[in-house]
Amino acid sequence: MFAKLARSALVIAALGVAGCTESSVQDFAPQHANKQLPAKIIAEMRAKGMNKNAPIMARIFKEENTVEIWKQKTNGRYDIIASYPICKWSGKLGPKFTEGDRQAPEGFYTVRPSQMNPRSGYHLAFNIGYPNAYDRANGRTGSNLMVHGACSSSGCYSMNDPQIEEIYAFGRDAFQGGQTEFQIQAFPFRMTAANMARYRNDPNYEFWKMLKVGYDNFEITKVPPKVDVCEKRYVFNQVAPEGTTFNPSGACPASAQPDALKVAYSQYQSKYDAAFASALNSSNPAPKPTILGTKEAALVADWSKRRARGERVTMDPPSLKSDGTVVETTTRMGRIDSPLGRKMAALDAEKAAAKKAAEEKAQAIAAAKAAKEAEKQRIAEEKAAKKAGKANAIAVVPPEQAAPQEPVTQTASSDGNMVSKVRKRLLGLFGG
């Protein structure tokens with residue numbers, strides 16, 4: 001049954017895929033784009049019943065920092081063939097909302113040969129296909145979201161160069177074997193009961209529950225699920241009645257699933273529900289930071305725009321707390337090293353030089369004014385000192401410079417004494 005579902009899913013997917021040109025499949029010119037998979041992996045593929053050019057699928061887990069490559073076996077089911085640690089992915093757990101929010105996407109994406117880039121500036125790369133039908137229906141924007149090398153990311157999933165060479169080789173070989181597209185499933189974490197319980201209060205939880213349906217379908221069947229979008233949400237392994245289609249923004253048609261899959265999913269869900277209830281009563285690691293919706297996405301996007309214009313901004317983008325408080329993750333400032341950044345730096349340097357010159361000129365003028373005021377004060381003090389000195393010279397005159405004194409006029413008592421003296425002299429003359 002599962003093999004039959006696998007074949008039907010691949011056929012249905014192929015019907016809706018535009019063909020690729022021959023050059024897009026064969027034109028892998030750079031040497032590292034033609035590098036063959038290691039002998040160890042080839043031997044493991046043989047041991048697991050896989051052909052070298054069999055179809056592939058990729059799964060990405062942010063929290064676990066992992067990219068998995070799954071490959072189809074001869075029985076139609078897929079098995080994991082390689083796992084790589086992600087060198088760097090940007091943003092937080094949660095989906096991408098808008099251009100510039102630096103979020104690595106989450107969801108179900110499709111890679112076709114035309115999306116492979118052997119001449120990437122990041123060693124090798126392939127575009128994951130964001131935005132997809134779900135993203136567009138929900139008004140989400142962004143472009144050029146890649147899995148690439150060079151270990152540098154601003155919204156992508158970045159690997160080191162030897163890793164991307166192998167991942168790229170898996171895709172190249174599958175396309176050369178006739179696969180027209182391969183699926184990438186990007187998740188915030190492994191969607192186990194314990195992890196879902198950890199994030200049950202997160203604002204992204206409903207989105208993640210929707211992704212988990214696709215995750216569960218793959219866990220049950222080990223076949224990439226058929227993915228459609230209607231009513232602005234993902235639906236998985238649904239078959240629409242003949243003559244109807246899935247409209248991403250319109251109502252979902254009265255679709256159905258194979259009965260065997262319904263039974264298997266019901267049994268799987270019963271086990272999950274029990275594990276989830278148990279996880280609620282157990283100790284789990286604290287949740288990691290997640291993006292708080294469109295408001296935080298817009299905040300980071302504005303930071304990205306200012307940075308792209310060459311403005312001086314914080315080295316890391318701002319963050320948002322659940323209460324709406326904006327948090328700067330660092331106080332260090334800088335600007336992007338780009339032509340715009342260097343131009344802005346030159347303009348800022350000119351402004352700083354002009355400001356410094358104006359300040360120095362103002363300081364010089366103030367200093368000259370202060371010196372002039374001090375000189376005026378000194379002259380005034382000298383004049384006051386001279387005036388005070390002249391007044392003191394007049395008040396204290398030396399004896400030799402004193403003016404002659406006028407004769408003193410005798411008083412009445414002096415006259416009486418004089419008369420007495422004259423009388424005595426006359427009496428002496430006449431014997432009296």
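Let's start with a pair of strands: S1, residues 56–61, runs parallel to S10, and the two are joined over five bridges. Keep in mind as we go that this is a predicted model. Within that pairing, Phe61 has Phe187 of S10 as its bridge partner.

S10 has another neighbour too. Strand S5, residues 107–111, pairs with S10 in the antiparallel sense, again over five bridges. Here you can look for Tyr109, whose bridge partner in S10 is Ile184.

So how covered is S10? Strand S10 spans residues 182–187, and six of its six residues are buried. Which residues lie on each face? On one side you have Phe182, Ile184 and Ala186, and on the other Gln183, Gln185 and Phe187; both faces are covered, with all of these residues buried. Please note the two glutamines, Gln183 and Gln185, among the buried residues.

Now, on to the aromatic rings. Searching the whole structure turns up 17 aromatic pairs. One of them brings us back to our bridge partners: Phe61 and Phe187 are stacked, with 5.7 Å from centre to centre and 20° between the planes. That pair ties together distant parts of the chain, since Phe61 belongs to strand S1 and Phe187 to strand S10, 126 residues apart. Are these two buried or exposed? Phe61 has a relative accessible area of 0%, so Phe61 is buried. Phe187 is likewise at 0% relative accessibility and therefore counts as buried.

For another geometry, take Trp70 and Phe218. Why is this pair called edge-to-face? Because the planes of the two rings stand at 85°, with the centres 5.0 Å apart. This pair also links distant parts of the chain: Trp70 is in strand S2, residues 66–72, while Phe218 is in helix H7, residues 205–221, and 148 residues separate them. Trp70 and Phe218 are both buried.

Arg190 places its charged end over the ring of Phe61, 4.2 Å from the ring centre. Arg140 does this with Phe207, where the charged end sits over the ring at 5.4 Å from its centre.

Let me turn to another sheet. Which strands make it up, and in what order? Five strands form an open sheet with mixed pairing, ordered S4-S9-S8-S7-S6. At the edges stand S4, 88–89, and S6, 116–117; each has a single partner strand, so one side of each is left without a neighbour in the sheet. For S6, the partner is strand S7, residues 125–127, paired in the antiparallel sense over two bridges. If you want to find that spot on the screen, Asn117 has Ala125 of S7 as its bridge partner.

Last, a word on confidence. The chain has a mean pLDDT of 85, and 81% of its residues reach 70 or more. Where does pLDDT stay under 50? One stretch is residues 1–29, for which the model has 39 contacts beyond four places in sequence. Another is residues 408–413, where the model has one contact beyond four places in sequence.

Methods. Residues numbered from 1 in each chain as written. Predicted model: local features only at pLDDT ≥ 70, side-chain atom pairs only at ≥ 80, totals over all residues. Heavy atoms only, no water. Buried < 20%, exposed > 50% of the residue type's maximum accessible area, 1.4 Å probe, protein only. Helix = DSSP H or I, 4+ residues; strand = E, 2+ residues; numbered from the N terminus. Pairing = 2+ DSSP bridges. pLDDT = per-residue confidence, 0-100. Contact = heavy atoms within 4.5 Å. Phe/Tyr/Trp six-rings, centres within 6.5 Å; stacked < 30°, edge-to-face > 60°. Lys NZ or Arg CZ within 6 Å of the ring centre and 35° of its normal.
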